[in-house]
Amino acid sequence: MAGNVTFTMIKPDATAAGHTGKIIDKIIESGFTIKAMKLTRLSKEEAGKFYEVHKERPFYGELVDYMTSGPIVAAILVKDNAVEDFRTLIGATDPQKAAEGTIRRMFATSIAANAVHGSDSDENALIEGAFYFSTREHA
Ligand code: GDP
């Protein structure tokens, strides 16, 4: 059975453009409960570690530079079928291919600066949430 927890980041392009509030509204309107949330900024080391799975991809350096270019909002979200439903809500990686009404279609500017992150599995949701929050913060 699918889990009920996912993890998101509102990425630097979206926080810089003033979209944080609108994106949070859309997440809540879509039935997610916010279990933990923080405005923070990643160091190069932290961003490198978070995206370690992409280390061999050609855009890894660009991704780390971009993710450290400004503040991000990290959050743990709860809903039935959280991972899949949140991936549907954010849309395809490339905003030009994302469906109408999705967060990336509405707020992202490019495949790199694509407004939000959403975990791709229940396992990664727990790992990514633990990267930012202690157990006490989302008890
Ligand atoms: P996601 O699961 O939809 O976030 O997509 P991926 O796991 O494939 O990629 C992780 C993140 O890397 C994306 O959300 C983008 O921010 C970035 N990214 C993906 N493809 C590219 C690319 O071709 N160029 C650059 N610069 N960044 C990319």
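This is a predicted model: local features need pLDDT of at least 70, side-chain atom pairs count only at pLDDT 80 or more; totals for chains, interfaces and linings use all residues.
The notes below start with the ligand and then turn to the chain.

**Around the ligand**
- The residues around the ligand are Lys11, His54, Arg57, Phe59, Glu62, Leu63, Arg87, Thr93, Arg104, Ile111, Ala112 and Asn114.
- Sorted by class, this shell holds five charged, four nonpolar and three polar residues.

**Polar contacts and cover**
- Arg87 places a side-chain N or O atom 2.9 Å from an oxygen atom of the ligand.
- For Asn114, the distance from a side-chain N or O atom to an oxygen atom of the ligand is 2.9 Å.
- His54 has a polar side-chain atom 3.2 Å from an oxygen atom of the ligand.
- On its own the ligand has 550 Å² of accessible area, and the protein covers 83% of that.

**The fold of the chain**
- You will find seven helices and four strands in the protein chain.
- Along the sequence, these elements follow the pattern β-α-α-β-α-α-β-α-α-β-α.

**Overall dimensions**
- Taken along the principal axes, the C-alpha atoms of the protein chain fill a box of roughly 35 × 35 × 30 Å.
- The radius of gyration of the protein chain is 14 Å, which agrees with a compact globule, because a globule of 139 residues would have a value near 14 Å.

Note on methods
Residues are numbered from 1 along each chain as its sequence is written. Side-chain values use heavy atoms; hydrogens and water are left out. A residue is near a molecule or strand if one of its heavy atoms lies within 4 Å of it. A polar contact is a pair of N or O atoms within 3.5 Å; within protein, one must be able to donate a hydrogen and the other to accept it, and residues adjacent in sequence count only if both atoms are side-chain atoms. Accessible areas come from the Shrake-Rupley method with a 1.4 Å probe; for residues, only the protein chains shown count as cover. Ala, Val, Leu, Ile, Met, Phe, Trp, Tyr, Cys and Pro count as nonpolar, Asp, Glu, Lys and Arg as charged, and the others, Gly among them, as polar. Helices (H or I, at least four residues) and strands (E, at least two) are DSSP runs, numbered from the N terminus. The radius of gyration is taken over C-alpha atoms; the globule rule is 2.2 Å times the number of residues to the power 0.38.
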